[in-house]
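Welcome! Let's get to know this protein together, one question at a time.

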Amino acid sequence: MKIDFEKGGGLVPAIVQDARTEQVLMLGYMNAESLRKTSDTGLVTFYSRSRDTLWTKGEASGNTLSVESIAVDCDNDTLLIRAVPAGPTCHLGTTSCFGDSGPEGLGFLAYLEDLIEGRKTADPDSSYTASLLQGPLRRAAQKVGEEGVETALAAVAETDDKLTSEAADLVYHLMVLLAAKNVKFADVVSELQRRHQ
């Protein structure tokens with residue numbers, strides 16, 4: 001990876017994106033030393049322009065960013081770092097330095113997957129999701145079948161709004177079934193990508 005640090009006076013902007021949700025988390029600056037430290041430790045380390053020193057994100061708060069991948073843009077002067085955050089990224093306590101609206105689009109599925117995973121230990125009397133996860137596997141599987149049929153019927157006999165609603169139920173129950181079997185949605189996406197090649 002060849003990076004043109006000279007173009008920016010020794011610094012390049014580094015955009016950090018959540019590796020799971022695709023949400024942009026923050027922008028920082030890196031010099032050659034901070035990039036080397038990031039690569040060596042696996043934790044995102046920036047160069048602080050105001051303090052004139054290196055700083056590892058989360059060194060005080062514990063809200064680190066664990067690197068999944070680093071890519072350089074076509075001009076070799078900007079980095080895209082895909083990372084897994086350990087808590088809020090922004091010093092204001094929000095998920096992203098660009099606000100706390102949460103992941104949007106398909107990135108919301110990763111957020112939903114985390115919520116479902118958290119229901120594994122919730123009280124099944126107060127959480128429908130927990131009751132499916134802690135109940136017999138066949139019940140979660142049955143719900144996927146039921147929702148699949150309802151989605152198919154809505155496609156041929158209902159409005160587009162009803163189809164959308166039933167499809168959302170199907171995706172949700174599929175994600176619950178996957179969680180019950182400890183299969184990640186990313187594994188399903190990887191299989192789809194493999195088939196596309």
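**Sheet, loops and helices**

Five bridges join strand 1 to strand 6 (residues 79-85), and these two strands run parallel. This is a predicted model, where local features need pLDDT of at least 70, side-chain atom pairs count only at pLDDT 80 or more, and totals for chains, interfaces and linings use all residues. Residues are numbered from 1 along each chain as its sequence is written, and side-chain values use heavy atoms, leaving out hydrogens and water.

Q: In strand 6, which residue is the bridge partner of Ala 14?
A: Strands here are DSSP runs of E with at least two residues, and helices are runs of H or I with at least four, numbered from the N terminus. Two strands pair if DSSP finds at least two bridges between them. In strand 6, Ala 14 has as its bridge partner Leu 79.

Q: Which are the edge strands of the open sheet?
A: Four strands form this open sheet with mixed pairing, in the order 2-1-6-5. An edge strand pairs on one side only, and that describes strand 2 and strand 5.

Q: Is Gln 23 buried or exposed?
A: Gln 23 sits in the loop between strand 1 (12-18) and strand 2 (24-30). Beyond its neighbours within four places in sequence, Gln 23 is in contact (heavy atoms within 4.5 Å) with residues including Val 16, Thr 95 and Pro 103. Buried means under 20% relative accessible area, exposed over 50%, and partly exposed in between, using a 1.4 Å probe and protein chains only. Because its relative accessibility is 11%, Gln 23 counts as buried.

Q: What separates the C-alpha atoms of Gly 58 and Ala 86?
A: Gly 58 lies in the loop between strand 4 (53-56) and strand 5 (65-72). At 10% relative accessibility, Gly 58 counts as buried. Gly 58 and Ala 86 are 28 residues apart along the chain, and their C-alpha atoms are separated by 8.5 Å.

Q: How do helix 2 and helix 5 pack, roughly parallel or oblique?
A: Helix 2 (residues 107-118) and helix 5 (residues 160-180) have axes 10 Å apart, at an angle of about 55°. Axes are lines fitted to C-alpha atoms, for helices over the stretch in contact, and angles run from 0 to 180 degrees between N-to-C directions. Angles under 35 degrees count as roughly parallel, over 145 as roughly antiparallel, 65 to 115 as roughly perpendicular and the rest as oblique. Therefore helix 2 is, relative to helix 5, oblique.
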